[in-house]
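Open the structure in your viewer and keep the selection tool at hand. Each stop names what to select, then says what is there.

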Amino acid sequence: MATPPNFEEGQSTYRPPRFNGQYYGWWKTRMHDFIMAEDSELWDVICDGPYVLTKKEEEPTIMVPKNRKEYNDAGRKVVEKNFRAKNILVCGIGPDEYNRISACQFAKEIWEALQTTHEGTTQVKQSKINMLTTKYELFRMKDDESIQDMYTRFTSIINELHYFGEIIPRNKLVRKVLSVLPSSWESKVNVITEARICRH
């Protein structure tokens, strides 16, 4: 997952992370963690909402939304959760992004609108997963690359796959890294491999 070159703004634990239209994956992960730390029920509202309070009306029997004066204390709390979640999301976006979601009434709508805008549809996501999987499979260390640079590049691919829900087991990742090291590392690779075999 790409990280912004300058991400000083929004690093406070009291303010939601700020999204300016770039590095959506980075922002999305941080916003999720921020909301969970605030109140995990707010995340439920974003995933499962909207919670619309309804009442039964006779002849014919149908469910209709309650008006504000008909809310009881529990109902008010449910509605407040949506507005708290919505407020955090709105405080975490810039003016351009706000224009995309200004008509949304519910936190869930805001989250889904941003997700569709910046991640695309399910088909687009699958295409990104396929592209990243190919990058992972063809990954090689470059001739003029340091181990640190190679590992940073490798981790970026893994993090992006993880972000799209594709999790590669740790032992498979270790084998992949060992397989791409240059021949000058052969003796070290053998020691690491033998140590791993002895542990199992």
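**Stop one: Q105.** Select Q105 and show what surrounds it. Setting aside neighbours up to four places away in sequence, Q105 is in contact with N82 and K86. This is a predicted model, so treat each stop as a look at a prediction. Now pick the C-alpha atoms of Q105 and K86. Where does Q105 sit? Q105 is in the loop between α4 (95–101) and α5. Is Q105 buried or exposed? Q105 counts as exposed, because its relative accessibility is 53% and the cut-off for exposed is over 50%.

**Stop two: E145.** E145 lies between α6 (122–137) and α7 (147–163). Is E145 buried or exposed? E145 has a relative accessibility of 13%, so it counts as buried; the cut-off for buried is under 20%. Show the side chain of E145 together with the backbone of K142. A polar atom of the E145 side chain is 2.9 Å from the backbone nitrogen of K142.

**Stop three: the core.** Select W27, I35, I46, L89 and Y136. The largest nonpolar core has 39 residues, and these five touch the most other members. Which elements give two or more residues to this core? They are α1 (24–38), α2 (40–48), α3 (73–91), α5 (107–119), α6, α7 and α8 (170–180). Colour those helices to follow the core through the model.

**Last stop: the whole protein.** Zoom out and switch to a cartoon view. The secondary structure comes to 9 helices and 2 strands. Trace the elements from the N terminus: they run α-α-β-β-α-α-α-α-α-α-α. Now show the surface. The accessible surface comes to about 13500 Å², and 51% of that belongs to carbon and sulfur atoms. How many of the residues count as buried? Of the 200 residues, 32% do. Finally, consider the contacts with a separation of 6 or more: residues 24 or more positions apart account for 52% of them.

Terms used
Residues are numbered from 1 along each chain as its sequence is written. This is a predicted model: local features need pLDDT of at least 70, side-chain atom pairs count only at pLDDT 80 or more; totals for chains, interfaces and linings use all residues. Side-chain values use heavy atoms; hydrogens and water are left out. Helices (H or I, at least four residues) and strands (E, at least two) are DSSP runs, numbered from the N terminus. Buried means under 20% relative accessible area, exposed over 50%, partly exposed in between (1.4 Å probe, protein chains only). A polar contact is a pair of N or O atoms within 3.5 Å; within protein, one must be able to donate a hydrogen and the other to accept it, and residues adjacent in sequence count only if both atoms are side-chain atoms. A nonpolar core is a set of buried Ala, Val, Leu, Ile, Met, Phe, Trp, Tyr and Cys residues joined through side-chain atoms within 4.5 Å. Contact means heavy atoms within 4.5 Å. Accessible areas come from the Shrake-Rupley method with a 1.4 Å probe; for residues, only the protein chains shown count as cover.
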